Amino acid sequence: MSQSVLFDAPGPRARRRILIANILGVLFILGLLAIVVNGLAEKGQFEAAKWTPFLEADTWQYNMLPGLMATLRAAAVAIVTSIVFGLIFGLGRLSSIKAISWVAGIIVEFFRAVPVLLMMIFFYQFLSKATPVPPADVPFVAVVLALTLYNGAVIAELVRSGVFGLPKGQREAGLAIGLTRSQSLRVIEVPQALVAMLPALLSQFVVILKDSALGAFIGYSELLVYARRLAAGEGNILPALLVTAAIFIVLNMLLTFAAQRLSRRLGARAGNLLKAEDAVEPEGVPAPTK
């Protein structure tokens, strides 16, 4: 049995106290849930009339599915553009040219500090009054721009920290075989950093998916807007919000599952490459004799 180097393994008495604390915690949470469910039942939130609209095909065809597609559309475009933005400015922050690194650092820190909703409102007003973007497309473009700039800045910082977290021998090996510093970044360091930071990158994709709901404040018709429209007609705002929350949870779980599979596949491929390299005998070195 492996033992932590930071903490002593708990003894029988400590394990018993931990078990009791866990049981009390579970009972406390179950009690809170019972109180909430009982309160909702007394208010009539579990009446069949409030939930049956979600069993009808028209509800999904004309409300939930169009809203879901709008959410996925904005999130998908923002994820791609955020990755591009993050890679460009992440490499800019790692540049050996001080001016490029300084400018990239200012841009990244600025967009990390500005709230996403504030950027959405700004771009909505700017695009509406100072650009030829069609009015029907203004909310979508504003949402994508805001999500791209904020999350792209976070991804740029992830790239920088991921490269700094690699062993120094990676860069030294690249320089030893004749690569320049920029070539070492592009060919050796950044690909390894991307694999290492995949869990953090995944969490940022989840943030993009959830923050797309902020587009409701500037008139972008995404899933939350369609759910509220449905609730206004059916008088079931709480069930509509709960169903919407369940859809977001399922989407995030699917995204997490896909990223975990990709991470395992990349890790297995990297392990196979290392094994293949170790199996190749270096040239000029005679094989050991028995």
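1. Start with Tyr226: the charged end of Arg229 sits over its ring, 5.2 Å from the centre. Keep in mind that this is a predicted model.

2. Arg73 lies over the face of Phe140, and the distance to the ring centre is 3.8 Å.

3. On to the aromatics. The count comes to 6 aromatic pairs. One of them is Phe110 with Phe111, an edge-to-face pair with 5.1 Å from centre to centre and 75° between the planes. Phe111 has a relative accessible area of 17%, and since the cut-off for buried is under 20%, Phe111 counts as buried.

4. Phe122 and Phe126 make another pair, with ring centres 6.1 Å apart and planes at 10°. Planes under 30 degrees apart count as stacked, so that's the label for Phe122 and Phe126. Both residues belong to helix 5 (residues 116–130), and because they are 4 residues apart there, about one helical turn separates them. Phe126 is partly exposed, at 41% relative accessible area.

5. Back to Phe110 and Phe111 for a moment: together with Phe85 and Phe89 they form one aromatic cluster.

6. Last, have a look at the surface. A nonpolar patch there is formed by Leu19, Ile20, Ile23, Leu24, Val26, Leu27, Phe28, Ile29, Leu30, Leu32, Leu33 and Ile35. Together these residues have about 1,200 Å² of accessible area. Ile29, one of the patch residues, lies in helix 1 (residues 12–42).

Note on methods. Residues numbered from 1 in each chain as written. Predicted model: local features only at pLDDT ≥ 70, side-chain atom pairs only at ≥ 80, totals over all residues. Heavy atoms only, no water. Phe/Tyr/Trp six-rings, centres within 6.5 Å; stacked < 30°, edge-to-face > 60°. Buried < 20%, exposed > 50% of the residue type's maximum accessible area, 1.4 Å probe, protein only. Helix = DSSP H or I, 4+ residues; strand = E, 2+ residues; numbered from the N terminus. Lys NZ or Arg CZ within 6 Å of the ring centre and 35° of its normal. Patch = residues over 30% accessible without salt bridge, like charges linked within 9 Å, V, L, I, M, F, W, Y side chains within 5 Å. Areas by Shrake-Rupley, 256 points an atom, 1.4 Å probe, with all protein chains shown as cover. Salt bridge = Lys/Arg side-chain N within 4 Å of Asp/Glu carboxyl O.
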